[in-house]
Every structure is written in C-alpha cells, then in structure tokens.
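Trainee: I would like to learn how to read a helix and a pocket. Please go through one case with me.

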Amino acid sequence: MTRTRSGCKVTAMSQPSADLIRGVPLFADLDDKTVDRLAGEFIERHFDEGAAIATEGTDGLNFFIVSSGEAAVTINGQHVGTLGPGTSFGEVALVDKSARSATVTATSPMVAYALPVWSFRPFVEQRPELAWKLLEILAERLRAANAR
C-alpha cells in the first residue's frame with residue numbers, strides 16, 4: 001500500500017540494503033543478523049522536489065538514511081549543507097526528545113528510509129557500543145555547529 005501526504009509517498013514492506021545501513025557510521029560494525037533485523041524497522045519514503053523532510057523547531061520522529069536524490073540543510077534560513085545517497089540525519093532530535101535542529105528540504109526527487117523513534121531508541125539502548133558511537137557523532141556535530 002502506498003499513501004501520499006504533502007509531497008511524500010510512504011511505501012510499505014520495502015527495506016534498505018545491508019550496504020546502505022552499514023554505510024551509516026553508527027551502524028557500520030553491526031553483524032548480518034542485527035542489520036537484517038534493523039532493516040525490517042525502516043519505512044521507505046519518497047519525497048518530491050521541494051518537500052520538507054524535517055523542519056527546524058518541530059518534533060522529530062524519524063531518523064533517515066538517504067537512498068537516492070539530494071536535499072538541502074538549512075539552519076535559521078542559512079544553507080549549511082547538502083545530503084545525498086548514503087548520508088543520514090535526524091538522530092539528534094530522537095536522542096534528546098526535542099525539536100529538529102535544522103530544516104531538510106528535497107532538492108530533487110528523493111528516496112529515504114525512515115527509522116521511527118519507537119524503533120530507534122530501544123535499538124540503541126540495547127547496544128551500548130552504538131550509544132557510544134552516537135555520542136561521538138553528536139560531539140562531532142556540536143563542534144561543527146560551534147565552528148560556524
């Protein structure tokens with residue numbers, strides 16, 4: 001079944017490849033069984049060019065891995081980066097249960113896999129090695145933000 005909502009199509013039953021998941025530094029060292037389990041938690045989403053995937057200041061409910069296409073990242077209206085295939089975003093809002101720290105807008109038709117907070121949090125909580133990697137990623141992002 002496919003649903004369409006504000007420039008986004010949600011497709012049931014599609015999963016990201018093991019290579020796409022392992023391309024995310026947080027998940028790079030997971031064994032095959034764990035990657036297969038995690039893949040089943042993702043939801044494939046299709047975004048039209050111009051669709052807002054995440055909006056600064058709003059609650060974040062998903063972690064995303066980009067499969068194809070590109071998106072612009074803005075903070076306070078200022079362009080701070082571009083996301084493309086293999087990149088991921090959204091973990092900050094899931095960790096601190098707070099609002100998104102940036103806006104992500106598709107600049108071309110885009111396919112991304114979304115991992116909902118109710119799957120993401122328990123998955124990381126059950127794996128201390130992932131929690132440590134997540135801390136490293138967040139520290140890296142904080143340093144980058146402070147350097148702007």
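Mentor: The buried residues of α5 pack against α3 and α4 (117–125); contact means heavy atoms within 4.5 Å. Helices are DSSP runs (H or I, at least four residues), and strands are E runs of at least two, numbered from the N terminus. This is a predicted model, in which local features need pLDDT of at least 70, side-chain atom pairs count only at pLDDT 80 or more, and totals for chains, interfaces and linings use all residues. Residues are numbered from 1 along each chain as its sequence is written, and side-chain values use heavy atoms, with hydrogens and water left out.

Trainee: Which residues of α5 are buried?

Mentor: Buried means under 20% relative accessible area, exposed over 50%, partly exposed in between (1.4 Å probe, protein chains only). In α5, Leu130, Lys133, Leu134 and Ile137 are buried. Seen down the axis of α5, these residues fall within an arc of 105° (taken from the directions from the helix axis to the C-beta atoms), so they line one face of the helix. On the other side of α5, the exposed residues include Trp132 and Arg143.

Trainee: What lines the second largest pocket?

Mentor: A pocket is an open set of points on a 1 Å grid over the protein atoms alone, where a 1.4 Å probe fits, with protein on both sides within 12 Å along at least five of seven lines; lining residues have an atom within 4 Å of a point. Here 23 residues line the second largest pocket, with Val73, Ser101, Ala102, Arg141 and Arg148 nearest its centre. The largest share of this lining, 5 residues, comes from α5.
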